[in-house]
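Thanks for coming, everyone. I'd like to walk you through one model today, so please have a look at it first.

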Amino acid sequence: MTRKTPTRRYHHGDLKRALLEASIELIREDGVDALTMAEVGRRVGVSSAAPYKHFEDRQALLRALAAEGNRRLGEAIVAATQGSTDPREVFRLSGVAYIRWAAENPALYRIATDPAHIDYTSTSHEVDAPEALKGSMETFWPELAALVRSGAALPASHALVQQLQGRALAQGVASLFVSGVFASLGITTADAERIARAVTGEDVPAMPRRSHPSRSR
């Protein structure tokens with residue numbers, strides 16, 4: 001049985017932030033389908049009408065969660081690449097951070113990457129990209145779309161094509177964690193960084209062998 005988070009009585013402060021935090025807890029425990037305005041209000045300890053003062057409806061709440069998820073993902077990437085100036089190494093480290101964050105935050109990741117909740121054409125971001133990723137994080141999707149729609153040649157050496165290759169790799173591996181494919185094979189979230197480092201070009205050393213998880217019959 002899923003353990004329910006106790007109602008947290010809300011007093012004063014940033015109600016919008018409290019509602020977002022409660023929403024993240026809710027989707028982490030019970031999945032996105034369990035997200036309702038009434039349940040989020042209950043968890044914060046306010047009336048069922050109170051969330052509507054900050055979010056017009058459930059879709060507006062999902063859009064806010066997508067923005068929050070992308071902000072947190074951006075912060076994870078910035079933290080992982082801090083101090084590195086080589087563009088190739090920065091891009092590799094950003095891929096590792098992306099995969100690890102997605103594996104650790106599967107429900108929020110689903111929302112944060114769903115085009116129903118985010119605008120891929122936007123170039124505004126709440127997190128400042130590291131210098132080596134300037135442009136890559138901020139304008140990649142609009143620039144890629146313009147290039148492809150123009151009908152221009154797409155050489156493998158083109159910077160946008162190379163970035164797409166790296167992003168597709170990171171998102172593909174992340175999806176294997178989020179969808180449960182890796183979990184079905186006994187590969188856990190704890191393995192995310194090792195796998196991410198390996199697929200982004202690093203030779204990862206061996207670690208003590210774990211026993212194979214037993215399957216329930």
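**Helices and salt bridges**

Let me start with one arginine: arginine 92 is buried, with a relative accessible area of 15%. By buried I mean under 20% relative accessible area, exposed is over 50%, and partly exposed is in between, using a 1.4 Å probe and protein chains only. Arginine 92 forms a salt bridge with glutamate 89, and the closest N and O atoms are 3.1 Å apart. A salt bridge here is a side-chain nitrogen of Lys or Arg within 4 Å of a carboxyl oxygen of Asp or Glu. Glutamate 89, for its part, is partly exposed at 29% relative accessibility. Both residues sit in helix 4 (residues 87–104), 3 residues apart, which is about one turn of the helix. An α-helix has 3.6 residues a turn, so residues three or four places apart point the same way.

Before I go on, some housekeeping. This is a predicted model, in which local features need pLDDT of at least 70 and side-chain atom pairs count only at pLDDT 80 or more, while totals for chains, interfaces and linings use all residues. Residues are numbered from 1 along each chain as its sequence is written, and side-chain values use heavy atoms, with hydrogens and water left out.

Now the overall picture. The secondary structure comes to 9 helices and 0 strands. Helices (H or I, at least four residues) and strands (E, at least two) are DSSP runs, numbered from the N terminus. Of the 217 residues of the protein, 34% count as buried. If you take contacts with a separation of 6 or more, residues 24 or more positions apart account for 60% of them. Contact means heavy atoms within 4.5 Å.

Next, how do helix 1 and helix 3 pack? Helix 1 (residues 15–30) and helix 3 (residues 58–81) meet at an angle of about 80 degrees, and their axes are 11 Å apart. The axes are lines fitted to C-alpha atoms, for helices over the stretch in contact, and angles run from 0 to 180 degrees between N-to-C directions. That makes helix 1 roughly perpendicular to helix 3. On this scale, under 35 degrees counts as roughly parallel, over 145 as roughly antiparallel, 65 to 115 as roughly perpendicular and the rest as oblique.

Which residues make the contact? Helix 1 brings Arg17, Leu20, Glu21, Ser23 and Ile24, and helix 3 brings Leu61, Ala64, Leu65, Glu68, Arg71 and Arg72. Sorted by class, that contact has 5 nonpolar, 1 polar and 5 charged residues. Ala, Val, Leu, Ile, Met, Phe, Trp, Tyr, Cys and Pro count as nonpolar, Asp, Glu, Lys and Arg as charged, and the others, Gly among them, as polar.

Let's follow those charges. The structure holds 14 salt bridges. In one of them, the side chains of glutamate 21 and arginine 72 meet at 2.9 Å, N to O. Glutamate 21 lies in helix 1 and arginine 72 in helix 3, so this pair ties together parts that are 51 residues apart in sequence. Both are partly exposed: glutamate 21 has a relative accessible area of 28%, and arginine 72 has 22%. The two also belong to a network of salt bridges that links Arg17, Glu21, Glu68, Arg71, Arg72 and Glu75.

On to helix 2 (residues 37–44). Is helix 2 mostly covered or mostly open? Mostly covered, with 6 of its 8 residues buried: Met37, Glu39, Val40, Gly41, Arg43 and Val44. Among the elements that cover these buried residues are helix 1 and helix 3.

Arginine 43 has 1% relative accessibility, and glutamate 39 has 18%.

The UniProt record, an unreviewed entry, annotates residues 36–55 as "DNA-binding region". UniProt positions are given in the numbering used here, feature names are shortened, and annotations may be inferred rather than shown by experiment. In the model, the end C-alpha atoms of that span lie 12 Å apart, and the span is 40% helix and 0% strand.

One last stop: threonine 123, in the loop between helix 5 (106–112) and helix 6 (136–150). Threonine 123 is partly exposed, at 46% relative accessible area. Leaving out residues up to four places away in sequence, threonine 123 touches Glu138, Thr139 and Pro142.
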